[in-house]
Amino acid sequence: QDKVSVAAISGYFAQGFGVSIVNGLNKAKTDFGIDLKLVDTGNRALDYEEQFENLAKAKQYDLIFVMGWELVDSLQKVSKAYPDQRFVFIDGVLDDPNMIYANFAEEQGSFVAGALAGMIEAKGSEFPKIGDGMAIGFVGGRDIPVIRNFLGGYEQGAKYAAPDVKVNSVFAGTFDDPAKGSELAQALYGQGADIVYNVAGPTGEGVMQASAAVDKYSIGVDIDMCGTAPGNVLASMLKRGDIAVYTLIKDEVEGRKVTAGTHTFDLASGGVEVKVCDDIAPTIPADVTTKLDEIKKAILDGKIEIAKAK
Amino acid sequence: MEILDKLVNVALIAATLRTTAPILLVALGGSFTTKAGIFNIGLEGQMLAGAFFAVLGSIWTGSALLGVACGVVAALAFALVFAVLVVSFRANEVVVGLALNILAGGMTISLMKAIFGTRGSIVGQGIVGLPKIQIPGARDLLGSWVSLISGFTPIVYVAFIAVPLLVLFYNRTRLGLYIRVVGEKPEAAEALGISITRVRYIASLLCGLLAGLAGAHLSLGYITMFTENMSSGRGFMAVAILIFSNGDPLKVLAGCLLFGFADAFSLRLQTFGFPSYLVLTVPYVVALTALFALSYRARPRIIMETLASMQRLLSVDKNPGPDGKHPS
Amino acid sequence: MMNDSLRAVSGQIIAVAVALLMGAIIILMVGESPVRVFMTLLRGAFGDQAKIAGTLLQTTPILICGIAACVGLRGGMFNVGIEGQLFLGGFAAAWVGFAFPLPAGIHMLAALALAVVAGAAWVAIPAYFRARYNTNEVVSTILSNYVAVLLTSYFTIFLFKRPGGWSETPPILPTAYLPGIFDFSRLNWGLVIGLVLAIGAALVFRYTSWGYGVTMVGSAPKFAEYGGINVKRQGFVVLLLSGAIGGLAGGVETLGVHHRFMEGFAPGFGFDGLIAALLANGSPVATIFTALFFGALRNGSLLLEVDTGASREIITVIQALIILSVSAQVLVRRRGDSQAGERRWKF
Amino acid sequence: MSNVPGSPTLHNAGNNAAGANVAGPNVAGMAVALTGITKRFGAFVANDGIDLAVRRGEIHAIIGENGAGKTTLMNILFGLLQPDEGSIRLNDEETVVADPAVAIKAGLGMVHQHFKLVPSLSVADNVFLGMEIRRHGLIDHAAQIARTRELSERFGLRVDPTERVGLLSVGIEQRIEILKVLVRGARTIILDEPTAVLTPQESRELFQTLRSFVADGMTVIFISHHLEEVMEVSDTVTVLRNGRRVATRPTVELSKDELVRMMVGREVSFDRRPREPQHGEVVLEVKELWARDDRRLPAVRNVSFKVRSGEVVGIAGVAGNGQTELAEVLSGLRPASHGVAQLKGRNLATLSPAEIREAGLAHVPGDRMVRGVDRNASIAANMLMGRQHRAPWSSSGLLHWNAIGQNASKLIRDFDIRAQGSGDAVKRLSGGNIQKVVLAREFTNGADFLLIDQPTRGVDIGAQEAIHGEIMRQRAAGRAILLISVQLDELAALADRILVMFNGRIMGEVAGDDADEDRIGMMMAGVAVPEFAAETA
Ligand SMILES: Nc1ncnc2c1ncn2[C@@H]1O[C@H](COP(=O)(O)OP(=O)(O)OP(=O)(O)O)[C@@H](O)[C@H]1O
Ligand SMILES: Nc1ncnc2c1ncn2[C@@H]1O[C@H](COP(=O)(O)OP(=O)(O)OP(=O)(O)O)[C@@H](O)[C@H]1O
Ligand SMILES: [Mg+2]
Ligand SMILES: [Mg+2]
């Protein structure tokens, strides 16, 4: 087989999860020498279909990775018009049987993150920097279903592991305003939350920096954010877009043509995971670690059902 | 009551000051152009350019201050282009302002891609942020109120100190006076040999200076990173405040505080379960309400006018007419 | 006369050329070939039937928003809130489209009508305060944009979200679709609506007593008042009309292209339209051409990203440069003129 | 063209066509000498090779028809415009007046036709604008106020330095303008139509001031359309016509008639018009009318009068004493706060401006640039205003531009408007011609009541004559006319009765035939003159 050629299209390459996908694509490019084309959709719904067509008409891409729910409509139309073109839809499953899906279980990772945060908050002043607010926080980007899914998992995890801990959630309404993220986080900290989980792209960066400013804890998302505020980042909930695209491309390069169907990336496959930051890990009480492992196992065994947001 | 305590406290005031500072700075910048008779809708772009180049400068030089300087220089460049087109070529200021906003958005993204290979945000990468200033002894004096005056990055102080300085500037310095005259009555300035062109250039550049500072504050002070479109409408907000304050520094301050407060307050409201999308409209709705209320108030008021006319009647002639009794 | 307009047109062309030259330099600087970039742009905009249709598709909302802006400008009103009116109009049309089954044709007209009403209603308060208390409409409409976008997001996500999937309303019923023009493109009758509006507006302004009144209100309000024209009412009506057309733009997008309302679906069209109208100096007919130009740039840029290494933001930059250099009108303006002179639009 | 040998200085400058033909005994040199000044606006030549020499210590009047190029010439002299050709010598020194700063430095000062004061600043700030007194780098407001007070006392120009200019009357504004010029150490003062807005008393005071200036060795150049003034106060007169200098002569050698002839190239009679008393029915009746100004203060107070058809009722008064507000109430642009005004028996308060026009009002507004025309629109479009809903200019909402254009062309001919065609933008016309556009529109729409506000303000004498003739024709045609003017001679020439307004009230009434300038002047200044006041009481 000659050189594998891959395109990826999204409006979110700039943000956490998108960044991890771009990382995976770039790694694949270095490792396998594939052709890679990144197309940024921007944010005008009118443009999407034309962009898909431009890619499909080129007839040169073996796989086209698509990320973002707002693209679904255009994607479905174009994939119907170009049935030979293989599209990989990342982060969801549609009802089109001809498509390849890379689905993530962000609610599982968020559940674990919620459990971790809840248990640590419940420790109160036994744990450094924790007050007696018995609350943890969540800052979302826009109030959209994907983000709600994170929040849902987080809330359920906290409730499961530490029923007394309250979850305060807020949304910035934008992914592009770190200053607002910082203010939101400070508002949450001010109201007694000691740990804030952010799922808000660049807005979330503000949350991480706010945790450093007030010396509380934050939890990163999508990629490893432990470096942004050392000592104040408790953990990162990794959503390994990089692993997903890399695996699929690897299959393709090695001659196992990726075929229609759903590929699930969850706790079990390492597609989502909670990474406790190295500088924090030693301070985590043993009972928390133990309980966390139990929870992970229970999820893997299907003993814990996590409701998905609609 | 507990809810109220949770909502309204020192932290809220501190947050108000933080949210106010960037808008205040950029609005004070716009005050120069507004006073000079130029409608500058390009504040947003100047601020964005300032934020981006401040981060670049900070990375390149490893110094936050030099970063700020870079941001200011970039905003000044935008301001200069604005001035050349609007003042010298007399282009429509709204077109130029909007185009410069578009340019700033496109340029920062293109440059980000060219320099860092990514779109989106620049985080880490060796950006040096501005330090927070702890005022020595403040804690002993003020106790828990200390967070109202201590612990901000330097540009926040600059923003608030700029207000009285601008009052002084407009009332007591020659340049300030000329800026006002050029805006209010350009023929007068021209007839006296005050160069309208020069004054408008200077006003535009002063505006760029403060807008650049505001941008640098956003990316090196408020937080330490750059992200696409991170000015997030603050420039437009400043334009709104400028119009109803007419560029007067004290009114600008009042408008910005109102806005900053609405912003900070609404962020807190969300934690009580109001839908985020509705809560997020609060600052804009507050600004709109203020705008409408102020213009409603500016409408002739019967009591005031009757008083005034009675006063005048008394002072001018002895036999008052029916005015007191028949206000229109 | 002829000479004047000829000079003006050649001025515009040279201004665009200057901007393209600057653009070429920038393209060189980011390591691409300007020739290739411009050829790709051309191909992307006019390369084949489908591309031309795509360009016209992009032109449609810019044109309708541009006409909305023109109508306002003619009456001395700066409607910077077209964006918000478009969002509300789009949502209103979608709502009629999915919530009220009606016979074909009537359904579409009803949906468009509600879009128009929504746009007008959204600008009504700023318009009222502008007319009655002289409240600056630039500010009030800019601010109401933010509210409109957030509000439609709220409607979409909290009240009418389509079960599962992205934040969008349920799809509208086919009875409400605005018919397409070709089967190979999403181009639809919205373009015709835009063209009719443009030419209609030009004719109304030139050839009706009402249009004469509006023009006078816009260019010399005190004179119009003196001449017996009700300036306040006319200003109110003009803003309302402008808002109505803005709402229509949203309705056309929803019914003609997307067939549902998506949260944040069309950022910037209002501003594009406003700039197109300003570059056309408030003339509806000239706006057809400026809108087409912007539409072509946008559509061309979509191919650019696929076929070359340049990013679409380069086009944003070039677009901004074009606007700047056209606005400078380097050739048609005399430089030594007094700065004290009046400006066309003053705040 | 007068061909008089040039003065020695000008001769030395290599120009023998200059017109300083006054050889006073103490000619030390020329304060100002312009040579061959030409200024074109596009194809139009506003100044055509003008030479002008002004002796030090004289009052030099410049007269000419509207659009003759007077203001243009002064603007060039003061550096506000650059000449296309020609040179300027100030105090015997060749000078390129690149901008007003150069002129000011050379000792020139200019009081403009339209005042250039900043309303939000105090009197003192305005006076010192551009040359602020500073201490430690900051403006010293106290010192400026003190200096202004001192100056105003020294030159007898009474002002309160601390008041905001926006609140002051036109007469005081002019004093401030003159103070501005003085404080800059001007030795040569240019005044462009200084008396157009003043009362006779104020004008007289002004002339006294000017006299005292020249007595101090200063030089005054002033532009005026009032020939009596020119005769009374100037030493030398320069006449411009069509952008050229026609003559420069010592005033004593000239008669008014000669001046007029030189200005317009023909005779103009400016006498009282012959007229028969008319006793038509009452068209306008105003009863106990009150109205407020923009600051919501009473501006019209308890005014009552009637205007009959075939009658011209004049309203005299210094600008700003309620005339504008009265006119606005009568045209429906301003609500009355009390009292009634009836047009042919219909209460104006119940009608919109458009309905009042329908009911039979024609209005020549005092502020013609703002109210009277759209400067950017064509003459035709301007002449359409108010009749855009009427046949034959429109039908069922559609305009008929052919008819509109033809009508405009006809009016351009009938009213002798100097324009290239009905498509010309109004802003290209001179002040007087713009006024004729307004008059042409208003006088031809068949209204029974003509409300005419300052018909000849800033209009040259030839045009004045034409306008006055037109007003008398309208009177003869049975129109009721309310004529508001600050020019007493105009009122005396045209009005059957003159009402004098002061501070919003009617101080008294005089029959047009025995109008007495001094008495009216006293009433205009607010001094009650018992025998007249009695009539209206
Ligand atoms: N004629 C003029 N036209 C335009 N701007 C002027 C004019 N004269 C002064 N300015 C501006 O006013 C400011 C003060 O000018 P000036 O020449 O008085 O400086 P200065 O005496 O050194 O003032 P300072 O004492 O404040 O340093 C400068 O910024 C200058 O650009
Ligand atoms: N900026 C300009 N552009 C074009 N034409 C002009 C301009 N300024 C003046 N003109 C024309 O030049 C001529 C002379 O104008 P100017 O103002 O000097 O006349 P004037 O003698 O002062 O008349 P008036 O007594 O009416 O004030 C007029 O016909 C006028 O229309
Ligand atoms: Mg003049
Ligand atoms: Mg004049």
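How far apart do the closest C-alpha atoms of chain A and chain D lie?

**View 1. Who touches whom among the chains.** The closest C-alpha atoms of chain A and chain D lie 38 Å apart, and no contact joins these two chains. Contact here means heavy atoms within 4.5 Å. Of the 5 pairs of chains that are in contact, B and C share the most contacts. Keep in mind that this is a predicted model, where local features need pLDDT of at least 70, side-chain atom pairs count only at pLDDT 80 or more, and totals for chains, interfaces and linings use all residues. Residues are numbered from 1 along each chain as its sequence is written, chains are lettered from A and ligands numbered from 1 in the order in which they are written, and side-chain values use heavy atoms, with hydrogens and water left out.

**View 2. The shell around ligand 2.**

**View 3. Oxygen atoms of ligand 2 up close.** A polar side-chain atom of Thr71(D) sits 2.6 Å from a ligand 2 oxygen. Taken alone, ligand 2 exposes 640 Å², and the protein buries 74% of that (Shrake-Rupley method, 1.4 Å probe).

Key. Near = heavy atom within 4 Å. Polar contact = N/O pair within 3.5 Å; in protein donor to acceptor, adjacent residues only side chain to side chain.
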